[in-house]
Amino acid sequence: MSTFQAPKGTYDLLPPDSAVYLAVREAIAAPLRRAGYGYVETPGFENVELFSRGVGESTDIVTKEMYTFTTKGGTRLALRPEGTASVLRAALEANLHKAGNLPVKLWYSGSYYRYERPQAGRYRHFSQVGAEAIGAEDPLLDAELIVLAVDAYRSLGLSDFRLLLNTLGDKTCRPAYRAALQDFLRGLDLDEDTRKRIEINPLRVLDDKRAAVRAQLTGAPRIADHLCEECKAYHEQVREQLTAAGVRYEDDPHLVRGLDYYTRTTFEFVHDGLGSQSAVGGGGRYDGLSEMIGGPELPSVGWALGVDRTVLALKAEGVELPLPRATDVYAVPLGEEARRALFTAVTALRRDGVAADLAYGGRGMKNAMKSANRSGARFALVAGERDLADGVVQLKDLDSGEQTPVRLDELVATVKERLR
Ligand code: ATP
Ligand code: MG
């Protein structure tokens, strides 16, 4: 019988690489925690309509990439393709927006699913950390979120990333821009699908990645020339605050992102070491989403950063994260009595915060010492019957090879001292 393999477009996270993923998630979350964002966790699946309405009927995510299924009870569900709609749904359902403290600031971390053509950096199961600030319209809040993402990337030691920034206007100025853009696009030489898109969601045509389409878009009307005074002033404040925080950005008038509910501020982080899957994260303001999924008017802003691509970006830049040792002390017992004594010693070390492991399975000295070396531990703890009779264990420094007897009742204190 052949063995099973992970489904197409997915991969497993295994030690030691999995530790890097945990560290990346933690590094992205740390600035959010310091800025008052609370952790939220929502189900891995939702009613299909939440995404078709909340992400947009005309987006690739909904039309092509969503995993949908019908339950035995006849409910139509979808594996979540993104986080924002679910997080807003959860906040509305729990009335978090009525508790009096706006914006409601939430962060999340988890798995997302899109039926995509798998390639480097593009998977069918991937991982994001995201943040949403719900219920406030304030350019400082847009700036805050962008700064927090930049600080996360910087704390990881990344430097080859760029921030692309744009504004999409609002319900005052966007309609006229949309109409002007449609007029322009209708005059181009485009395929059937793209022609349809002009009528449903023309801004997304600006996002087309194909060279033949891009070449025709050079003269397209720019949102910057159509912004109302409020949107102009709002965007200017976002930019000023970014500059004040030492964050550089590039104006990208073609940045529209894939989702329908974005208004005003929109941004994307790209990494220059990743080839064509260069977007490591993105987000923006989504003032219309709450009403679109049946809630009150709740202007909001958020982002999602891709964990998989962030790990690839670290590799591309050759950044090695300073990960804590998996094991500080590895115990090598010689004989049955030593096995029991060292099990007790290892337990005491762990309870005092020292990462400790033991050679299980009653292996010989040579074999167990190999495991100690492979574990990456700083010290081996070796003991036989004679040591135990003397009330000591041998603490062997695996870097220098030096070995010293340590009294069992002083073991924890000694190890902690020497690890410092
Ligand atoms: P792309 O243009 O690459 O398809 P997107 O606009 O669909 O990206 P978002 O919906 O903004 O992506 O998701 C935020 C981030 O999640 C992306 O910047 C990317 O890092 C990551 N991401 C999105 N889709 C995938 C995927 N299929 N595999 C791996 N990471 C992904
Ligand atoms: Mg996509």
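**The cavities**

Tutor: There are two cavities of 30 Å³ or more. A cavity is a set of points, on a 1 Å grid over the protein atoms alone, where a 1.4 Å probe fits but cannot get out. Points are joined across faces, edges and corners, and the volume is the space filled by probe spheres set on them. This is a predicted model: local features need pLDDT of at least 70, side-chain atom pairs need 80 or more, and totals for chains, interfaces and linings use all residues. Residues are numbered from 1 along each chain as written, chains are lettered from A and ligands numbered from 1 in written order, and side-chain values use heavy atoms, without hydrogens or water.

The largest cavity holds about 60 Å³. Its lining (residues with an atom within 4 Å of a point) includes Y39, V40, R80, V87 and Y108. β5 gives the largest share, four residues. Helices (H or I, at least four residues) and strands (E, at least two) are DSSP runs, numbered from the N terminus. By class, this lining has five nonpolar, five polar and two charged residues. Ala, Val, Leu, Ile, Met, Phe, Trp, Tyr, Cys and Pro count as nonpolar, Asp, Glu, Lys and Arg as charged, and the others, Gly among them, as polar.

Now take V40. V40 sits in the loop between β1 (38-39) and β2 (45-47). V40 touches V87, L106, W107 and Y108, leaving out residues up to four places away in sequence. Touching means heavy atoms within 4.5 Å.

The second largest cavity has a volume of about 30 Å³. Its lining has seven nonpolar, one polar and no charged residues.

Key. On a 1 Å grid over the protein atoms alone, a cavity is a set of points where a 1.4 Å probe fits but cannot get out, and a pocket is an open set with protein on both sides within 12 Å along at least five of seven lines; lining residues have an atom within 4 Å of a point.
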